2 protein chains.
Amino acid sequence: MRAAFYISDGTAITSEVFGHALLSLFPTQFEHFTIPFVETLEKASEVREKINREFKRSGETPLVFHTFVNPDIREIIDGCDGVIYNFLEHFVTPLENQLGIKAKPKAHRTHSIHENSYDNRIEAVNYALANDDGSNISDYEHADVILVGVSRSGKTPSSLYLALQYGIKAANYPFTDDDMDELKLPVFLKNHKKKLFGLTIDPLRLTNIRDGRMSNSKYASSRQCRMEVREVEKLYKQEKIPFLNTTNFSVEEISAKIMLETGLHRHKY
Amino acid sequence: MRAAFYISDGTAITSEVFGHALLSLFPTQFEHFTIPFVETLEKASEVREKINREFKRSGETPLVFHTFVNPDIREIIDGCDGVIYNFLEHFVTPLENQLGIKAKPKAHRTHSIHENSYDNRIEAVNYALANDDGSNISDYEHADVILVGVSRSGKTPSSLYLALQYGIKAANYPFTDDDMDELKLPVFLKNHKKKLFGLTIDPLRLTNIRDGRMSNSKYASSRQCRMEVREVEKLYKQEKIPFLNTTNFSVEEISAKIMLETGLHRHKY
């Protein structure tokens, strides 16, 4: 299998995103190697040797995605037996011309601490944890958004992703079996109705997920899942709460859709 | 201020990472607009109008980072008054030549659900939550890594990021004031010593963080913070636990460094 390398003097997140976006267009498999924090000439030489070994092993030219701005390190990596894809190189000059200023390459720090964003994100993570799963219903005034939905519809991972990625304070509150007889918005949610965002999910998928956690329970039964989903969707429509069916979406997609629908802006840059 | 647009038919995460990596090289400010899920010609036209309005408003040509593969949508966006940066366009042909196969552009889904990765990540998030802050010490056999450190050294956000981003099951355990008299590894950690990874932090920074939470407390005092940090670092060295000073690092960097040091591989692709 052909090797694909994602290399950087930082986290290598940018190189990974760049490389994956491209390789996902091709209907073939790769062996992936992510190598972050290549900050010295010695490490760069080791990486070059590793790339060359992969070439010998597989007989196929490795693909190398990198974003080095240090010219000495770059030269070492560029001297490997792989083929190099470096988007910075392609785009910096056109951008310099457009902006009328020169780039000031520093060690590559896209995913390092940004003064104002860091505390926001940690605070948002703490908020999400303190307000997860209805564990605290008295602090919704500080929420940017309150996710509601049945158990296992994606509330918790989405809340945490919104916090970590966007610095958004997301509380989440579950509607449980006890609520279902005559499902209404509790008063502590009604008071913050504009912040509510509903998640829903295909009942069959919900059954599968719940069955993986509590096999053969009422909680996981098709009947129960169908009923719960029907009730919450009815509530969303009655109360005009915007909602999203999460069945076919990743945490990233759910979070991006919530940002879009609610008009929230990231607290990060 | 000049506008920078990040646009996609998916989450726009790739466009953001791509654009931010480039713009972070320039010592100037931009007004950022992220527009995900531009999936129809109508939406594309709206976005084009928005870009054109930003041009009129600021008098500066907007920068437009996008990754559209649908030719009809792309044509609409490319017809705006902004300047277009599209890295797919630059790199697809060289990659096709290298791989000897044609790209199969589908709606752009780098950050969508990948069959095997999704459950891994949700399971890892559940694991991180259930094993956060020493709340469960009986399930460390299922941990990929156990982060240890004093309160507010970065354990919880790092555990969650490792789960969400890499699908890694990270438990975390705090050393508290009560442990400090004669700090030793508790037996439930000793039994999983190879999984331990220590976090430490500059005592001054720790004081600041703790003071923001519990002002003027013993917990936040310089003396207490210095003592706790000194004791845990002594323990890490005695027990040969690999450790990292998190003071100047983002959650992304801490997580990438933990992955690198522990040799763990992401459960995602």
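## A quick tour of chains A and B

β1(A), helix α1 (residues 13–23) of chain A and β2(A) make a right-handed β-α-β unit. Right-handed here says that, with the strands pointing away from the viewer, the path from the first strand over the helix to the second runs clockwise. Helices (H or I, at least four residues) and strands (E, at least two) are DSSP runs, numbered from the N terminus. This is a predicted model, where local features need pLDDT of at least 70, side-chain atom pairs count only at pLDDT 80 or more, and totals for chains, interfaces and linings use all residues. Residues are numbered from 1 along each chain as its sequence is written, while chains are lettered from A and ligands numbered from 1 in the order in which they are written.

**The β2-β1-β3-β4 sheet of chain A**

- Chain A has an open sheet of four strands in the order β2-β1-β3-β4, with parallel pairing (two strands pair if DSSP finds at least two bridges between them).
- At the edges sit β2 and β4 (83–85) of chain A, each pairing on one side only.
- On average, neighbouring strands of this sheet are turned by 20° against each other, direction ignored.
- Angles run from 0 to 180 degrees between N-to-C directions, and axes are lines fitted to C-alpha atoms, for helices over the stretch in contact.
- Five bridges link strand β1 (residues 3–7) of chain A with strand β2 (residues 31–35) of chain A in the parallel sense.
- Look for A:Tyr6, which stands opposite A:Thr34 in β2(A).
- Strand β3 (residues 63–66) of chain A runs parallel to β4(A), and three bridges join them.
- Here A:Leu63 stands opposite A:Val83 in β4(A).
- As background, strands of a sheet pair through backbone hydrogen bonds, either parallel or antiparallel.

**Helices lying on that sheet**

- α1(A) lies across β1, β2 and β3 of chain A and runs at about 150° to β1(A).
- Helix α2 (residues 41–58) of chain A also lies across β1, β2 and β3 of chain A, running at about 170° to β1(A).

**Helix pairs inside chain A**

- Helix α8 (residues 203–213) of chain A packs against helix α9 (residues 222–239) of chain A at an angle of about 125°, with their axes 9 Å apart.
- α8(A) and α9(A) are therefore oblique to each other; angles under 35 degrees count as roughly parallel, over 145 as roughly antiparallel, 65 to 115 as roughly perpendicular and the rest as oblique.
- The crossing of α8(A) past α9(A) is right-handed; a crossing is left-handed if the near helix is turned anticlockwise from the far one by less than a right angle, and right-handed if clockwise.
- A:Pro203, A:Leu206, A:Thr207 and A:Arg210 of α8(A) make the contact with A:Ser222, A:Cys225, A:Arg226 and A:Val229 of α9(A); two residues are in contact if their C-beta atoms, placed from the backbone, lie within 7 Å.
- The residues of this α8(A) and α9(A) contact divide into four nonpolar, two polar and two charged.
- For those classes, Ala, Val, Leu, Ile, Met, Phe, Trp, Tyr, Cys and Pro count as nonpolar, Asp, Glu, Lys and Arg as charged, and the others, Gly among them, as polar.
- Helix α6 (residues 155–166) of chain A and helix α10 (residues 251–262) of chain A have axes that come within 9 Å and cross at roughly 70°.
- α6(A) and α10(A) are therefore roughly perpendicular to each other.

**The β6-β5-β7-β8 sheet of chain B**

- In chain B, an open sheet of four strands has the order β6-β5-β7-β8, with parallel pairing.
- β6 (170–175) and β8 (243–245) of chain B each have a single partner strand, so one side of each is left without a neighbour in the sheet.
- From one strand to the next, the twist averages 25°.
- Strand β7 (residues 196–200) of chain B pairs with β8(B) in the parallel sense over three bridges, and the bridge partner of B:Thr200 in β8(B) is B:Asn245.
- α6(B) lies across β5 (145–150), β6 and β7 of chain B and runs at about 175° to β6(B).

**Where the chains meet**

- The contact takes 56 residues from chain B and 56 residues from chain A.
- α4(B) gives the largest share of the side of chain B that touches chain A, with eight residues.
- That side of chain B divides into 35 nonpolar, 16 polar and five charged residues.
- Helix α4 (residues 87–99) of chain A and α1(B) have axes that come within 10 Å and cross at roughly 60°.
- α4(A) and α1(B) are therefore oblique to each other, and their crossing is right-handed.
- A:Phe87, A:Leu88, A:Phe91 and A:Leu95 in α4(A) meet B:Phe18, B:Ala21 and B:Leu22 in α1(B).
- The residues of this α4(A) and α1(B) contact divide into seven nonpolar, no polar and no charged.
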